[in-house]
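I opened this entry to look at one strand and one interface. My notes follow the order in which I looked things up.

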Amino acid sequence: MVMQIKLDKVSADYQFGPVRTPKVLNEVNLNIPDGSFTAVIGHTGAGKSSLLKVLNGLLMPKEGTVFVGPHSIFPGKDQKSLKEIRKMVGMVFQFPESQLFAETVEKDICFGPINFGVSEEEARIRAKEAIRQVGLEPSLLDRSPFSLSGGQKRRVAIAGILAMAPDILVLDEPGAGLDPDGKEEIMDLLYRLHKEKGLTVLLVTHDMEDVAKFAENVVVMEKGKVVYHGSARELFGDEEKMKSWNLDYPEARKFQILLEKKLGYQLPRPCLTLEELSDVLIEVGLV
Amino acid sequence: MNKLLLGRFFPGNSVIHRLDARGKLLGGISFIFITFLANHLLSLAFLWIFTFFIMKLSEVSFKIYFRGVRPLIWLILFTVTLQILFTAGGTIYFEWGPITISQFGLVNGFYIFSRFVMIILVTTVVTMTTKPLELTDAIYFCLKPLKIFRVPVEQISMMLSIAIRFIPNLFDETQKIMDAQKARGAVFGEGNLFQQMKALVPVFLPLFTNSLNRAEDLADAMEVRGYQPSNPRTSFRQMHWSLRDTLSMLVILMLTGILILLNSISLHFLHIL
C-alpha cells in the first residue's frame with residue numbers, strides 16, 4: 001500500500017477551556033512521499049510536535065485535510081474512525097518511557113497490538129520480534145518496565161510502537177535525554193528499520209548531526225508554517241536562509257564555513273559530514 | 001477535565017482582581033454564611049442582585065460562570081428534590097406516604113437552589129480572580145493563629161502551595177500520557193463504567209510513578225538549597241492590605257445588615273412568604 005502523507009492547507013490550534021492558542025499550524029501544505037526519511041526542524045514553539053500530532057488525529061485540524069494513505073482526517077471527523085489511522089501511524093512521543101505502565105515489558109509491548117485487534121498469541125510473537133528489533137534481549141520481556149535503565153525503557157517504548165506494525169513511524173525527538181551512545185544506537189535503529197522494512201520515518205530533532213547523517217528530506221517549520229521542504233544538503237548550503245531561520249549547522253559544515261572565511265574562497269560543495277569534508281579538502285589539495 | 005472551573009485562575013485587571021487575596025478569601029467564606037440570611041423573597045432577590053453585581057465587577061463573562069455551575073447541577077437538583085419531597089407545611093398539593101409536595105417545600109427548594117448557585121458563583125469569582133498561589137498565602141495567613149496550638153502552619157502552607165503549583169503540570173502530563181496511549185490504540189470514555197475505569201489504568205499508573213519521581217527530585221532540590229521545615233520563613237510575595245480591601249469588608253458587613261433589615265421588613269409587611 002502506498003503510504004503517502006499529504007497535508008492540504010491544514011490549520012490547527014489548542015483549546016484549553018475558554019482559552020484558545022493562536023494557530024499552532026497555519027495553512028500547512030506538505031507532501032511526504034512513501035518510504036522517505038524526513039527530519040522536521042525548527043525552534044521551540046514552531047509547531048513541530050503539532051505537525052506530528054495532526055498526522056494521527058491527536059490534534060484535529062480546524063481547517064484543511066490530512067491524507068494518510070487511503071484515509072483522511074478533516075475537521076469534525078468521527079473520533080472512532082481514527083483508530084485505523086492510528087494503527088498505521090506509529091507515534092513515538094518525546095520521552096516515551098513515561099508512558100510505560102504494565103507489570104511486564106511483554107504486556108506493555110502487547111498493549112498497542114491488542115488494542116488494534118491483534119490476538120494475544122500474535123501480539124506475543126510480535127513483542128518478541130520487536131524487542132529484538134530494538135536491540136534488547138528477549139529475556140527482558142518478563143521484567144518490570146520500571147526496573148530497566150533509561151535507555152532500555154526508551155527502547156521498550158519504541159518496541160511497543162513497532163509491535164503495532166505501523167507503515168509510518170513518527171517520532172518526537174527520539175534521542176532526547178539519552179547519552180551519546182544510546183542516542184546513536186536509537187538513530188541507527190531507526191535508519192535500519194527505514195532501510196530494511198521501507199518504513200516511512202518522520203522525526204522531529206534538534207540535532208543537526210542526525211539531520212546531516214540520516215535525513216533524506218528536511219522540513220523547516222517556523223511560526224506554524226512549513227518554510228522549507230527539500231534536501232538537507234541544499235538547506236545547509238544556503239547560508240542566507242539558514243541565517244534568516246536562525247538554524248544551527250552540523251559540525252563539519254560549521255568548520256567548512258569558518259575555513260572558507262579564512263581562505264577567502266568557497267570549497268566546491270557543502271559538506272555535511274567529516275568524511276565528506278576530508279574528501280573535499282584532499283580534492284582541492286589543501287591536505 | 002476542562003469543564004471544572006473551580007480552582008482555575010482567569011487573568012485580568014478588574015477591581016475584584018486587584019483586591020487582596022485575604023479579603024477575598026474571608027469575603028467568600030462569609031458569603032457562604034450570609035446566604036443563610038436570605039430566607040425571604042426580598043432578601044433573596046437582593047442577594048441575587050449582589051451576586052450578579054460582583055460577577056459583573058470581575059469582568060469575566062457570565063457564560064463562563066454558568067459553565068462552572070453545570071458540572072454540579074445534578075448535586076444541586078438532588079438536594080432540591082429531597083427538600084421539596086420531604087418538607088411539609090402550607091398548602092399541600094400532593095401526598096403519598098412520607099412524600100409530600102407542599103407550598104413550604106417548593107419555597108424551601110427554591111431558596112436552597114438559589115443559595116447553592118449563588119455560593120458556587122461567588123466562590124468561583126474568588127478563585128477565578130485570585131492567583132492560586134496568592135490564595136494559599138491567604139490561607140496561610142488565616143491559619144496563622146493556629147500556631148499557638150503547635151499546628152505546623154508553615155509546612156501545611158508549603159505543602160499546599162507545592163500541590164497547587166503542580167496542578168498544571170499534572171494536567172499537562174495527563175494529557176500527554178493520554179495522547180501517547182491513544183496513539184497506541186487506547187480508547188477513553190467508551191463502554192460501561194468498569195471498562196472506562198480499566199482504560200484509565202495505563203494513564204494513572206505512569207502518572208503516579210512520574211509524580212512520585214518528581215516529588216523525590218523536588219525534595220532533593222529543596223534540601224540541597226537548605227530548606228529546613230522548622231525554620232521561620234519569609235515570603236517573596238508580599239500581600240498589601242489597602243483602603244479598598246477595608247472598603248470591601250465594609251461592603252460585606254453592609255450586605256449582612258441590609259439582609260437582616262430586609263428580613264424584618266418582610267416579616268412585618270409580607271406575611272405570605
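I started with a residue pair: A:Phe37 stands opposite A:Val201 in E10(A). I note that the model is predicted.

Next I looked up the strands behind that pair. E5(A) runs parallel to strand E10 of chain A, residues 200-204, and four bridges join them. I then checked for another partner. E5(A) also pairs with strand E11 of chain A, residues 217-222. That pairing is parallel too, over five bridges. Here I found A:Thr38 opposite A:Asn217 in E11(A).

**Burial of E5(A)**

Is E5(A) mostly covered or mostly open? I find it mostly covered, with six of its six residues, 37-42, buried. One side of E5(A) holds A:Phe37, A:Ala39 and A:Ile41, all buried.

**Where chain B touches chain A**

I moved on to the interface. I read 19 residues of chain B in contact with 22 residues of chain A. Which elements of chain B give two or more residues to its side of this contact? I found helix H9 (167-183) and helix H11 (201-224) of chain B. H9(B) provides the largest share of that side, seven residues.

Nine of the residues touching chain A are nonpolar, five are polar and five are charged.

Definitions and conventions: Residues numbered from 1 in each chain as written. Chains lettered and ligands numbered in written order. Predicted model: local features only at pLDDT ≥ 70, side-chain atom pairs only at ≥ 80, totals over all residues. Contact = placed C-beta atoms within 7 Å. Nonpolar A, V, L, I, M, F, W, Y, C, P; charged D, E, K, R; others polar. Buried ≥ 20, exposed ≤ 12 C-beta atoms within 10 Å, placed from the backbone. Pairing = 2+ DSSP bridges.
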